[in-house]
Amino acid sequence: MWREALFRFERAVEHDPQNPSALNNLAVALEQMGQFQEARERYERALELKPDDLYIQQNYDLFREADDKRLALLHKVEYTAKMASIGRLAAGVAHEINNPLAAIGELAGLMEDLIDDDEMVEVTPENIRLRKAILDPHERKRAKNAAVVG
């Protein structure tokens, strides 16, 4: 129905581009078809031609109020989508930071298990590898349990 109205009002405006009523009707049809920017332009052109027409002014005011709300909601949706994207990015970064921290914590625990309280050892990657190679995970767990009990 609105497609047919749009077609007919476009023909009327082509026939008489200075007709404010035809422009107003075309704007209403464009609005109903979701072509909001074009509807706004036609309403504004109709008001330029006949600024004192209360019917055109009322249609334009109602359209502008609804379109402003639509645009505000669209901006909120875009903002929400951006925030969700930033949240996913932050979660990914936190995960990537946490992986090496977990490995560092694990190695620090291994070093704690292997070093006696009074033992002084230079901490180097080579020493860590050597101590890791000496104790397999089962022995490490036993050493840890013995330290807790003892």
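Is Ala29 buried or exposed? Ala29 is buried, with a relative accessible area of 0% (buried means under 20% and exposed over 50%, with partly exposed in between, for a 1.4 Å probe and protein chains only). This is a predicted model, in which local features need pLDDT of at least 70 and side-chain atom pairs count only at pLDDT 80 or more, whereas totals for chains, interfaces and linings use all residues. Residues are numbered from 1 along each chain as its sequence is written, and side-chain values use heavy atoms, without hydrogens and water.

Select next residues 20–32, helix H2, in which Ala29 lies (helices are DSSP runs of H or I with at least four residues, numbered from the N terminus). Then display the contacts of Ala29 (heavy atoms within 4.5 Å): beyond its neighbours within four places in sequence, they are Trp2, Ala5, Leu6 and Phe9. Trp2 is 27 residues away along the chain, yet the C-alpha atoms of Ala29 and Trp2 are separated by 6.0 Å.

Now show helices H1 and H2 together. Their axes, lines fitted to C-alpha atoms over the stretch in contact, are 9 Å apart, and the helices pack at an angle of about 150 degrees (angles run from 0 to 180 degrees between N-to-C directions). H1 and H2 are therefore roughly antiparallel, a term for angles over 145 degrees.

Finally, select Leu6. Setting aside neighbours within four places in sequence, Leu6 is in contact with Leu26, Ala29, Leu30, Met33 and Gln35.

Terms used
Helix = DSSP H or I, 4+ residues; strand = E, 2+ residues; numbered from the N terminus. Parallel < 35°, antiparallel > 145°, perpendicular 65-115°, else oblique.
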